[in-house]
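Let's take a walk through this model together, stopping at a few residues, a helix pair and the nonpolar cores. Keep the structure open beside the text as you read.

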Amino acid sequence: MATEIRTLTPQPVWGYFYELTQIPRPTGQMEAVTRYMVDFGHRLGLETGQDAAGNVLIRKPAAPGFEDRKAVILQSHLDMVPQKNSDVPHDFSKDPIPACVDGDWVKARGTTLGADNGIGVAMAMAVLADPTLPHGPLEALFTVDEEVGMDGANGLKPGFLRGRTLLNCDSEEEGKLFVGCAGGADLDISFRYRKGAPLIDGDVPVRLFLSGLKGGHSGIDIHLGRANANKLMFRFLKEAVRGYGARLASVDGGSLRNAIPREAEAVITLPGDNVEMLWELVADYQDLYRLEYAGIEDGIRFMAEMTGRPDMLIPEEIQDDLINAVEACQNGVATLLHDFPGTVESSSNLALVKSSEGLIEIKILARSSSESRKTALLSSLESVFALAGARVEYGNAYNGWQPDAHSPVLNAMQHVYEELHGKKAQVTVMHAGLECGIIQGVYPDMDMISFGPDLKHPHSPDEAVRISSVARVWEYLKSTLANMPVAV
């Protein structure tokens, strides 16, 4: 039962996390959760406010004897990525998350869990609610709509925050202290046409459906080599069109810009005499994909079935340009960092391909910790689709977070970690986008670190957070607050 989560250790953290699972909070639907946070701050009798962007800020005075310590900001985002398996009847706009305990992990049944970033929110709430903890002046910043566009962080204004030391609780590997992250930008691509093409006499309609992929976070998981459902679908479509006389009526793959696409479907028509050969081709491609992704993807399913006749077809010249462009589009890791071996510097995620009447929309999220290489990657992607006759627009650009080798909070947290665990924490950078880079743009003198417990497969229905890791990180957070240096 989900309610058993409330009894896990540390109980205050898990109790607040359970409450968050009961509040629908997909990106773009922040009213209920921000109201909950404002009420929470008022119930504690703490100074609580909200800015024009919707971000919630709660201030807690220093514990007796700690008034001279550096003020610390605990920062997490309130929204979650709404992803579910196709056979799960879940409505993220109103249904609680079906969370459960599985050994040393908390996960959900067929949906994302929301531990990204609900665990960070719950830890900050537990700190605010505990009157016995030693700490200096505290601010807890809960940002909105991070997962699509980082709207909350982009809406921050100078003067809203007083502290200049920020602990971002949105990382997902215990024992690592993150001191930098990638920036990113969206490419919004569109093919437009006035009128669809009529169906061809004698052709029959077939629905193609690709599913069972792992998906995941397009920053954190991009280096794992997982399959992209859009790339696989269009690879098949190219052969079906070229060799079997297929015509494309519609396509729908992926859902969110920062999630690796897990499913894609398309409706095609083709000569009736070729249908049996198409069934064989689909089976062959399923076998091929399973072979190519052996050890990475263990559940790829590719199916075809007869379906209802579509009203129109995508015009042949648009169809061919679309298929060729998606086939040529770079997807996955582009470059690696030399200073942090094994860490991705630049990548792209072909996140969404969707057709409607007279319009085909494509969304790509490009990331890089280098602004120049981000620009180059975006330019390369733009060129592919511009050559195909598509319209390409940029959007939702955000800066990366540049490491500071002389960070006082890094030194303090390294010392605390070694005292607790007898070893050094790993200092590294993250390819995923964090709000730190945006916050740094508003508050250039902000000293920041990002950390958190073990969380696997965020942005997918396999998302899970490690129970024992949450307990250790909670102790680490408390010790960090108790050992912050004196303000100068």
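Ser 355 sits in strand S15, which covers residues 344-356. The model is a predicted one, and in it Ser 355 has a relative accessibility of 14%. Buried means under 20%, so Ser 355 counts as buried.

What does the side chain of Ser 355 meet? One of its polar atoms is 2.9 Å from the backbone nitrogen of Val 251.

## Helices H5 and H6

H5 (residues 229-244) packs against H6 (residues 275-292) with the axes 11 Å apart and an angle of about 145° between them. The crossing of H5 and H6 is right-handed.

On the H5 side, the contact is made by Leu 232, Arg 235, Phe 236, Glu 239, Ala 240 and Tyr 244. H6 brings Met 277, Leu 278, Leu 281, Val 282, Tyr 285, Leu 288, Tyr 289 and Glu 292. Sorted by class, eleven of the residues in this contact are nonpolar and three are charged, with no polar ones.

In soluble globular proteins, nonpolar side chains tend to be buried together. Here, the largest nonpolar core holds 67 residues, and Trp 14 and Phe 142 have the most contacts inside it. Helix H3 (residues 115-129) is the element that gives the most to this core, supplying ten residues.

If you centre the view on Trp 14, you will find that it touches Ile 5, Arg 6, Leu 8, Thr 9, Val 106, Ile 119, Val 465, Ile 467 and Val 470, not counting residues up to four places away in sequence. There is also a second, separate core, made of 55 residues, with Leu 208, Met 233, Val 241 and Tyr 285 among them. Tyr 285 is one of the H6 residues in the contact with H5 as well.

## Glu 435, a buried charged residue

Is Glu 435 buried or exposed? Its relative accessibility is 1%, so Glu 435 counts as buried. Glu 435 lies in the loop that runs between strand S18 (426-430) and helix H10 (436-442).

Leaving out residues up to four places away in sequence, Glu 435 touches Gln 75, His 77, Thr 143, Glu 146, Met 150 and Ala 153. Gly 152 is 283 residues from Glu 435 in sequence, yet their C-alpha atoms are 8.9 Å apart in space.

Methods
Residues numbered from 1 in each chain as written. Predicted model: local features only at pLDDT ≥ 70, side-chain atom pairs only at ≥ 80, totals over all residues. Heavy atoms only, no water. Helix = DSSP H or I, 4+ residues; strand = E, 2+ residues; numbered from the N terminus. Buried < 20%, exposed > 50% of the residue type's maximum accessible area, 1.4 Å probe, protein only. Polar contact = N/O pair within 3.5 Å; in protein donor to acceptor, adjacent residues only side chain to side chain. Axes fitted to C-alpha atoms, helices over the stretch in contact; angles between N-to-C directions. Left-handed = near helix turned anticlockwise from the far one by under 90°. Contact = heavy atoms within 4.5 Å. Nonpolar A, V, L, I, M, F, W, Y, C, P; charged D, E, K, R; others polar. Core = buried A, V, L, I, M, F, W, Y, C linked by side-chain atoms within 4.5 Å.
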